[in-house]
Amino acid sequence: MTESEARFDPFKDYGSVEAKVYSSPHKYVQKKGLIKDFGTFLKGLEAEKAGIIGETFLLDIHGEQIINSLKEKAGVDARMLNFGGESSWQEVAKIVEDVKKDSIDFLVGFGGGKTIDTAKAAGYKLRIPVVIAPTLASNDAPCSALSVIYSAEGEFEEYFFFPDNPYIVLVDTEVVGKAPERFIVSGMGDAMATYYEADACNRAPHGRNMVGGRPTMCGLAIGELCKDVLYEYGPQASKDAAKKEVTEAVEKIIECNTLLSGLGFESGGLGAAHAIHNGMTITPKTHHAIHGEKVAFALVAQLVMEDNKDEALRVSKFNKEVGLPYKLSDLHLEASDTETLELIAKRSLEPGESIYNMPFPVTPQMVVDGMVGADELGISLD
């Protein structure tokens with residue numbers, strides 16, 4: 001991404017209007033065995049050729065089935081585009097150049113969060129529609145009008161925003177259910193933050209959601225439903241997912257992690273938890289942990305910062321029960337390593353971070369104290 005390239009900024013383009021803004025994909029479809037019906041929902045694009053972005057091992061397993069569905073049910077030809085593993089500007093540029101060599105009308109992002117974010121960014125640069133087909137329920141990337149961009153080394157760089165959400169999100173729960181349980185559990189960590197961050201953003205008069213407006217009642221209500229579903233079905237879903245069983249609990253958590261969390265965070269707003277997550281990416285010590293795992297612990301730190309002891313304890317207990325990080329040591333960090341914690345805190349307070357949506361001024365020491373407090377809370381559960 002070059003500095004001179006014009007980009008959409010919802011906080012500038014929409015923020016000046018000072019309106020409530022809600023954003024979502026055109027459609028969301030979820031079903032076990034949905035791949036064979038992908039084409040049914042893509043006829044409206046009236047397209048001739050699609051590019052399917054995914055990692056090689058996934059395309060080797062599912063690529064031909066997707067291609068056949070698009071051809072038989074939508075009359076669309078398709079070719080596969082290999083994803084290199086990181087949602088970086090280098091990877092986006094590679095995909096864009098590959099697509100330009102062919103007459104591709106829309107992209108299908110088939111994979112995890114980084115594949116999805118790369119597909120969305122590439123589609124925006126090419127000005128063509130994007131269809132999202134997640135293979136994991138590990139994060140809330142599928143429904144949103146933004147991509148999280150990392151460096152080639154995996155360090156968070158920026159949120160890159162788009163004027164529109166993906167055209168459609170297609171979720172085959174049979175595919176998602178075959179993934180290691182770590183991913184659906186990680187998605188619970190990301191989804192649990194949805195309500196608590198949106199609530200904080202809403203309580204701050206200056207708070208803005210991820211589409212540049214004030215949080216909507218719909219966004220907040222979706223976030224609260226997300227939280228309630230997680231507490232009720234999350235523990236059972238984690239057990240079922242470990243056995244690769246797509247049960248009612250797993251279906252509900254897949255929808256929760258993907259749809260409810262996606263709509264809730266975007267139209268409700270983010271707070272300290274995601275900013276602290278971004279801070280954590282600055283140290284290689286946390287690179288073993290995936291997005292939702294870091295967010296899960298960061299949420300407890302946010303609640304400690306808010307002095308919301310009851311909810312901090314409730315979330316920490318949930319994290320422990322389903323297998324999410326609930327202590328600093330789970331993230332290969334230590335309370336005694338003040339230098340690293342201060343670096344994380346400093347990074348979480350960079351200009352433009354969502355931590356400024358909190359309903360009170362935040363200092364680096366407050367972030368450090370929040371992480372240490374969350375750690376102490378987790379240790380008390382052992």
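This is a predicted model: local features need pLDDT of at least 70, side-chain atom pairs count only at pLDDT 80 or more; totals for chains, interfaces and linings use all residues.

Reader: What volume does the largest cavity have?

Author: The volume of the largest cavity is about 50 Å³.

Reader: And how many cavities of 30 Å³ or more are there?

Author: The count comes to one cavity of 30 Å³ or more.

Reader: Which helix gives the most to the lining of the largest cavity?

Author: Helix 6 gives the most, with three residues. Helix 5 (173-177) and helix 6 each supply at least two residues of that lining.

Reader: How do the lining residues of the largest cavity divide by class?

Author: Nine are nonpolar, one is polar and one is charged.

Reader: Which helices and strands supply at least two residues each to the lining of the largest pocket?

Author: Helix 2 (56-74), helix 4 (113-126), helix 6 (181-203), helix 9 (272-280) and helix 10 (291-305) do, together with strand 6 (146-150).

Reader: What is the lining of the largest pocket by class?

Author: That lining has 18 nonpolar, 18 polar and eight charged residues.

Reader: What about the second largest pocket: what is its volume?

Author: The second largest pocket has a volume of about 370 Å³. Of its 16 lining residues, E158, Y159, F161, P351 and G352 are the closest to its centre.

Reader: Which elements give two or more residues to the lining of the second largest pocket?

Author: They are helix 1 (10-13) and strand 7 (156-161). Strand 7 gives the most, with six residues. By class, the lining of this pocket has seven nonpolar, one polar and eight charged residues.

Reader: Returning to helix 6, at what angle does it pack with helix 11?

Author: Helix 6 and helix 11 (residues 309-322) pack at an angle of about 165°, and their axes are 10 Å apart. The two helices are therefore roughly antiparallel to each other, an angle over 145 degrees being counted that way.

Reader: Is their crossing left-handed or right-handed?

Author: The crossing of helix 6 and helix 11 is right-handed.

Reader: Which residues meet there, in helix 6 and helix 11?

Author: From helix 6, V185, M188, M192 and Y196 meet E311, R314, V315, F318 and V322 of helix 11. The residues of this contact divide into seven nonpolar, no polar and two charged.

Reader: One more pair, please. How many Å apart are the axes of helix 12 and helix 13?

Author: The axes of helix 12 (residues 338-348) and helix 13 (residues 364-380) are 8 Å apart, and the helices pack at an angle of about 125°. That angle makes helix 12 oblique to helix 13. Helix 12 passes helix 13 in a right-handed crossing.

Reader: And which residues in helix 12 meet helix 13?

Author: L341, E342, I344, A345 and S348 in helix 12 do so, and they meet P364, V367, V368, M371 and V372 in helix 13. By class, this contact has eight nonpolar, one polar and one charged residues.

Terms used. Residues are numbered from 1 along each chain as its sequence is written. Side-chain values use heavy atoms; hydrogens and water are left out. Axes are lines fitted to C-alpha atoms, for helices over the stretch in contact, and angles run from 0 to 180 degrees between N-to-C directions. Helices (H or I, at least four residues) and strands (E, at least two) are DSSP runs, numbered from the N terminus. Angles under 35 degrees count as roughly parallel, over 145 as roughly antiparallel, 65 to 115 as roughly perpendicular and the rest as oblique. A crossing is left-handed if the near helix is turned anticlockwise from the far one by less than a right angle, and right-handed if clockwise. Contact means heavy atoms within 4.5 Å. Ala, Val, Leu, Ile, Met, Phe, Trp, Tyr, Cys and Pro count as nonpolar, Asp, Glu, Lys and Arg as charged, and the others, Gly among them, as polar. On a 1 Å grid over the protein atoms alone, a cavity is a set of points where a 1.4 Å probe fits but cannot get out, and a pocket is an open set with protein on both sides within 12 Å along at least five of seven lines; lining residues have an atom within 4 Å of a point. Grid points are joined across faces, edges and corners, and a volume is the space filled by probe spheres set on the points.
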